[in-house]
Amino acid sequence: MIKTLVVEDESKSRSMLLTMIQKVNPNLQIVGEANNVKDGVEKIKTLKPDLVFLDVSMPDGTGFDLLEQVQGQKFDLIFATASDQHAIKAIKYSACDYLLKPIDIDELKIAIDKVLEKKSGSPNMDNLNFLIQQLKKADDNFQKITLPTGNAYEIVAIKDIIRCEADASYTTFYLLDKRKIMVSFGLKHYEELLPSNEFIRVHHQHLINMNHVVRYLKEDGGYAVMVDGSKIELSRRKKDHFLEKLGNK
């Protein structure tokens, strides 16, 4: 059984979420519920849950305030949030799971399944610690991103990403230090997340960092040559946008 805690300030929303959790997966054992940061912190420390559903906005603070107060505890986490775009972007950059309110039961099932799939040993909290640091920024100009790889998290500087390559529902990141990191998110996810003034989609399989383009080859419809020597094919539809960006560098 997965010991589960729900931290949500609205009683109706909390009750609905508890009902949905039990309907989706009875193996999640609800060990407690809390309606504010203070109570949530106490229950995490005393109940030591395996999984926490955490509201972002509460009367006495935020879910991120709660996380700062329980550093050292280990648990999987699924956020529940409304439309706080800054928070959502930080959550995405940190590779954390989240659900938008009102919560859809199918999306809830997907989020729970993802937690259960990676459940082996103690949760890695690196991405949560990274998230706390990100949220202390006043703007959305994040300098680093968390890449989930199995049960680990790689935190990399955005400026060190040369390119991203799609492989079905996976994406491989190619970095300046010659590392390759494969993650189980599609390329579209990162196209929407990474800064559009630096990263552009030049092919259905390729998203490149324009800062690391060293040459444009006109042969066979066009290629972008990257700093690592890779030749990236330009699709006919994307070539004009690439050349426009290249001219503005």
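Here is a friendly question-and-answer walk through a predicted model of a protein chain.

Me: How many helices and strands does the secondary structure of the protein chain come to?
Reply: Happy to start there! The model is a predicted one, and its C-alpha trace spans about 65 × 35 × 30 Å along the principal axes. Within the chain, the secondary structure comes to 8 helices and 17 strands.

Me: What share of the residues in the protein chain is buried?
Reply: A residue counts as buried when its relative accessible area is under 20%. The protein chain has 249 residues, and the buried share of them is 45%.

Me: Is Thr81 buried or exposed?
Reply: Thr81 sits in strand E6, which covers residues 76–81. Leaving out residues up to four places away in sequence, Thr81 touches Val56, Ile88, Tyr98, Leu99, Leu100 and Lys101. Its relative accessibility is 3%, and the cut-off is under 20%, so Thr81 counts as buried.

Me: Which kind of pair do the rings of Tyr93 and Phe142 form?
Reply: A search of the whole structure finds 5 aromatic pairs. In the pair of Tyr93 and Phe142, the ring centres are 4.9 Å apart and the planes stand at 55°. Planes under 30 degrees apart would count as stacked and those over 60 as edge-to-face, so this pair is tilted.

Me: How many residues apart in sequence are the parts that the pair of Tyr93 and Phe142 ties together?
Reply: Tyr93 lies in helix H4 (residues 85–93). Phe142 lies in the loop between helix H6 (126–135) and strand E8 (144–149). The pair therefore ties together parts whose separation in sequence is 49 residues.

Me: Which kind of pair do the rings of Phe173 and Tyr190 form?
Reply: Phe173 is in strand E11 (residues 170–175) and Tyr190 in helix H7 (residues 187–193), 17 residues apart. Both residues are buried. Their ring centres are 4.8 Å apart and their planes stand at 90°, so the pair is edge-to-face.

Definitions and conventions: Residues are numbered from 1 along each chain as its sequence is written. This is a predicted model: local features need pLDDT of at least 70, side-chain atom pairs count only at pLDDT 80 or more; totals for chains, interfaces and linings use all residues. Side-chain values use heavy atoms; hydrogens and water are left out. Helices (H or I, at least four residues) and strands (E, at least two) are DSSP runs, numbered from the N terminus. Buried means under 20% relative accessible area, exposed over 50%, partly exposed in between (1.4 Å probe, protein chains only). Contact means heavy atoms within 4.5 Å. Rings of Phe, Tyr and Trp (its six-membered ring) pair if their centres lie within 6.5 Å; planes under 30 degrees apart count as stacked, over 60 as edge-to-face and the rest as tilted.
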